Amino acid sequence: MVNKSAGVVMVRICNSLSTDGNCCKVPLFLCVEPGGPWKNMAWSIPKGGREPQDSTLFETGTREFEEETGQIAPVNELLSVGSIRQRKGKTVHAWYFIDSDNKPIKFRSNTYRIEHPKGSGRFKTYKEAITHQFLTEDEAKIKLIDAQFELILRIKRNLEIRNLL
């Protein structure tokens, strides 16, 4: 098992109306539904494990973002939100950037090949991410792996500190 992974979150800031009718800014976080033979998995930030060609976790994060979304992360705009530790011990390092373009994005995902069931000798090919969606904070709390939700909260706090919300 890979004990460290890294990823990047694309954030969009949208204007919205609060319940009292005032205009407010709402962050939306790009998350993915992982592909593979497992059903009803929790969603994730676009991320993955370190490969031999990656000299840093930063490189891992940007490569995985591109592999899972088909988009290139703007490396000069990425801000770190540190790392979290998931329930089974994996450490996830994350960065984010603000996508101010707000144009429709055509997502695509790489595929990978895996023996399933393990030991069966049968190999199948799956997409790394089967669905991409910009989630609100409330949606992320429901869909994301529990520990990864902390990364969303850190991004939101960073946006607030920077007076972007």
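The conversation below takes up several terms and the values behind them.

Guide: Please bear in mind that this is a predicted model.

Visitor: Why is Gly-35 called buried?

Guide: Buried means under 20% relative accessible area. Gly-35 has 6% relative accessibility, so Gly-35 counts as buried. Gly-35 belongs to the loop between β2 (23–34) and β3 (47–49).

Visitor: Which residues does Gly-35 touch, not counting residues up to four places away in sequence?

Guide: Tyr-112, Lys-127, Glu-128, Ala-129 and Ile-130 are the residues that Gly-35 touches on that count. Each of these contacts rests on heavy atoms within 4.5 Å. As for Lys-103, the C-alpha atoms of Gly-35 and Lys-103 are 25 Å apart in space, and the two residues are 68 apart in sequence.

Visitor: Why is Ser-80 called partly exposed?

Guide: The term partly exposed covers values between the buried limit, under 20%, and the exposed limit, over 50%. Ser-80 has 47% relative accessibility and therefore counts as partly exposed.

Visitor: What makes the pair of Ser-80 and Gly-82 a polar contact?

Guide: The backbone nitrogen of Gly-82 is 3.0 Å from a polar atom of the Ser-80 side chain. The limit for such a pair of N or O atoms is within 3.5 Å, so the distance of 3.0 Å meets it. Ser-80 also touches Ala-94 and Trp-95, with residues up to four places away in sequence not counted. From Ser-80 to His-93 the C-alpha distance is 8.1 Å, with 13 residues of separation in sequence.

Visitor: How do you know that β4 and β5 pair?

Guide: Two strands pair if there are at least two bridges between them. β4 and β5 are joined by 5 bridges, so they meet that condition. The two strands run antiparallel, and Thr-91 in β5 is the bridge partner of Arg-85. They form a hairpin with 5 residues between them, and Gly-89 in the turn has a positive phi of about 100 degrees.

Visitor: Is Gln-86 buried or exposed?

Guide: Gln-86 has a relative accessible area of 13%, and the limit for buried is under 20%, so Gln-86 is buried. Gln-86 is found in the loop between β4 and β5. Leaving aside neighbours within four places in sequence, Gln-86 is in contact with Lys-47, Val-92, Ile-145, Ala-147 and Gln-148.

Visitor: Why is Asn-163 called exposed?

Guide: Exposed means over 50%. Asn-163 has 66% relative accessibility and therefore counts as exposed. Asn-163 is in the segment after α3 (146–161), and its phi, near 60 degrees, is a positive value in a residue other than glycine.

Visitor: Which peptide bond is cis?

Guide: The bond from His-116 to Pro-117 is cis, with omega near -5 degrees. Pro-117 is placed in the loop between β6 (111–115) and β7 (123–127).

How values were computed. Residues numbered from 1 in each chain as written. Predicted model: local features only at pLDDT ≥ 70, side-chain atom pairs only at ≥ 80, totals over all residues. Heavy atoms only, no water. Helix = DSSP H or I, 4+ residues; strand = E, 2+ residues; numbered from the N terminus. Buried < 20%, exposed > 50% of the residue type's maximum accessible area, 1.4 Å probe, protein only. Polar contact = N/O pair within 3.5 Å; in protein donor to acceptor, adjacent residues only side chain to side chain.
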